Amino acid sequence: MSNHIVINADLTKGTINKHIYGHFAEHLGRCIYGGIWVGEDSDIPNTNGIRNDVLEALKALSIPNLRWPGGCFADEYHWKDGIGPREGRKRMVNTHWGGVVENNHFGTHEFMKLCELLGTEPYVNGNVGSGTVQEMSEWVEYMTFDGESPMADLRRANGQEQPWRLKFFGVGNENWGCGGNMRPEYYADLYRRYQTYVRNYGDNKIYRIAGGPNIDDYRWTEVLMREAGRMMDGLSLHYYTIPGSWEEKQSALDFNESQWFETMKKALHIDELITKHSAIMDQYDPQKRVALIVDEWGTWFLVEPGTNPGFLFQQNTMRDALVAGLSLNVFNAHCDRVRMANIAQTVNVLQSVILTEGDKMALTPTYHVFEMYKVHQDAELLELSKSSASYELNGQTLDQISATASRGQDGKLNISLCNVSHEAPAEITIELRGLKDAQASASGRVLHAADMHAHNTVDAPNAVAPVAMEGIRFENGILRATLPAASVAVLSIG
Ligand code: AHR
């Protein structure tokens with residue numbers, strides 16, 4: 001069976017919020033320390049302590065928002081330990097992640113500087129699990145209050161005269177687990193209380209995000225929406241693609257065809273999760289005012305051999321690229337409810353976009369997917385229907401292709417495509433209806449490799465990189481192209 005797609009170029013289905021292309025950087029392993037922050041005295045070229053190579057690479061992705069400081073770390077982070085002269089900052093044990101010493105050298109000021117340099121919106125995650133209402137309230141006052149107050153004065157004493165603009169604020173993280181092991185009824189009450197003191201100062205209007213469900217915990221969503229839905233702007237959802245099981249994870253690099261298939265299937269499961277959580281949200285919020293914020297997603301494999309198990313450092317292959325492409329296509333399709341998502345995590349942790357070793361850096365296949373897909377940020381989602389060939393293995397079946405079509409603010413029509421088959425190319429016919437420009441031409445880029453295990457390392461950083469797509473034919477509104485096996489592509493028409 002062939003792959004046939006119909007796109008109605010004049011029928012939009014909503015805006016793909018650019019925040020779907022968000023990122024997440026936790027104090028975990030070598031994400032912040034070594035991956036982003038090297039300190040002003042480092043031999044690694046840096047700007048205010050932030051490494052320049054990573055900064056430039058991230059800038060090229062147009063990251064819309066960055067979530068920090070965790071994750072599980074957020075619920076044991078005490079922000080006052082991370083302000084003031086660095087040499088005097090308190091040292092603590094990062095109990096969740098490897099039991100290493102956290103010297104608090106990267107704190108609020110350093111994070112805000114990173115966001116400023118990246119031109120990205122900060123998304124700060126507060127501490128409910130082990131922090132007080134006062135601590136959370138004072139953090140918001142410290143960051144955003146313009147007038148005279150104890151916290152605004154303290155900020156000024158630490159060198160920041162003007163308040164920062166802070167839009168996104170998370171009230172706890174995974175409060176069903178590492179963020180306090182709470183029941184939804186208890187967390188819903190705590191959420192109501194804590195968020196009361198997350199104040200809007202001046203014209204800084206905070207978008208409050210409640211700690212949401214784990215995977216398919218629909219009861220959590222039900223209770224949170226019923227008890228606290230009207231007091232939140234977003235409800236988070238965490239879902240990781242874990243082939244094998246949580247207890248018996250598998251290698252990031254050493255996998256077979258069955259494990260490839262299982263990974264694709266598990267990545268696509270996010271579609272069902274979003275559909276079902278959204279259906280519950282619809283009952284309490286039919287206007288879709290509250291967004292579903294998928295603020296942790298991505299692959300979770302075994303750590304690379306010889307590395308600290310608490311650092312969650314894993315390599316990243318074409319398989320990860322497909323997980324990224326599929327997941328983003330799913331989020332795009334649900335843009336009426338999913339208005340933010342954050343891949344876990346930015347550098348050196350889980351499904352990273354960047355890996356570093358000392359002063360060297362490699363961009364992962366996942367990075368290239370984010371770079372190719374950035375055309376969808378704030379673009380209009382176009383109506384698309386597809387009839388896909390089947391990808392079959394061991395008696396199981398998936399659609400061979402996944403796709404999103406959108407129209408960017410520059411008027412260009414962009415189509416992202418994934419071919420999940422590890423072995424078969426996908427011949428695709430795309431019928432473009434309602435295209436105004438009869439002279440439009442088509443071009444594209446594709447990310448693929450002869451071997452599904454292909455990946456980049458700091459010593460061989462260009463093994464996987466997008467190339468111009470050959471053989472695209474576009475005549476009379478019909479586009480024909482062949483996607484190589486195990487590939488991600490973005491075609492542009494205009
Ligand atoms: O991303 C790693 C961890 O996964 C986060 O700290 C936590 O929120 C989740 O369980």
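This is a predicted model: local features need pLDDT of at least 70, side-chain atom pairs count only at pLDDT 80 or more; totals for chains, interfaces and linings use all residues.

Where does Pro69 lie?

Mentor: Pro69 sits in the loop between β5 (65-68) and β6 (92-94). Residues count from 1 along each chain as its sequence is written, and side-chain values use heavy atoms, without hydrogens or water.

Now look at the backbone. Most residues other than glycine have a negative phi, and most peptide bonds are trans. The bond from Trp68 to Pro69 is cis, with omega near 5°. The bond from Gly70 to Gly71 is also cis, with omega near 25°. Gly71 belongs to the loop between β5 and β6. Leu312 has a positive phi, near 50°, and is not a glycine. Leu312 is found in the loop between β12 (291-299) and α8.

A cavity is a set of points on a 1 Å grid over the protein atoms alone where a 1.4 Å probe fits but cannot get out; a pocket is an open set with protein on both sides within 12 Å along at least five of seven lines, and lining residues have an atom within 4 Å of a point. Volume is the space filled by probe spheres set on the points, which are joined across faces, edges and corners.

The structure holds 2 cavities of 30 Å³ or more. The second largest cavity has a volume of about 30 Å³. Its lining includes Arg67, Tyr123, Asn125, Ser236 and Asp295. β8 (121-126) and β10 (207-210) each give two or more residues to that lining. By class, the lining of the second largest cavity has 3 nonpolar, 6 polar and 2 charged residues. Here Ala, Val, Leu, Ile, Met, Phe, Trp, Tyr, Cys and Pro are nonpolar, Asp, Glu, Lys and Arg are charged, and the others, Gly among them, are polar.

The largest cavity holds about 50 Å³ of space. Among the residues lining the largest cavity are Tyr239, Ala267, Trp297, Val323 and Phe331. β11, α7, β12 and α8 give two or more residues to that lining. α8 gives the most, with 3 residues. The lining of the largest cavity has 6 nonpolar, 3 polar and no charged residues.

Turn to the pockets. The largest pocket has about 580 Å³ of space. It is lined by 32 residues, and Tyr240, Ile242, Trp246, Lys249 and Trp300 lie nearest its centre. Strand β11 (residues 234-241) gives the most to this lining, with 3 residues. By class, the lining of the largest pocket has 18 nonpolar, 8 polar and 6 charged residues.

The second largest pocket has a volume of about 500 Å³. Its lining has 22 residues, and Asp271, Asn329, Ala333, Lys386 and Ala403 are the closest to its centre. β16 gives the most to the lining of the second largest pocket, with 6 residues.

Finish with the helices. Two packed helices are described by the angle between their axes and the distance between the axes. Each axis is a line fitted to C-alpha atoms over the stretch in contact, and angles run from 0 to 180 degrees between N-to-C directions. The axes of α6 (residues 218-228) and α7 (residues 257-284) come within 9 Å and cross at roughly 25°. Their crossing is right-handed, meaning that the near helix is turned clockwise from the far one by less than a right angle. The contact (heavy atoms within 4.5 Å) includes Tyr218 and Met225 of α6 and Leu273 and Ile280 of α7. The residues of this contact divide into 6 nonpolar, 3 polar and 4 charged.

α6 also meets α5 (residues 184-196): these axes come within 9 Å and cross at roughly 35°. α5 passes α6 in a right-handed crossing. Among the residues in contact are Tyr187 and Tyr191 of α5 and Trp220 and Leu224 of α6. The contact of α5 with α6 has 8 nonpolar, no polar and 4 charged residues.

Terms used. Helices (H or I, at least four residues) and strands (E, at least two) are DSSP runs, numbered from the N terminus.
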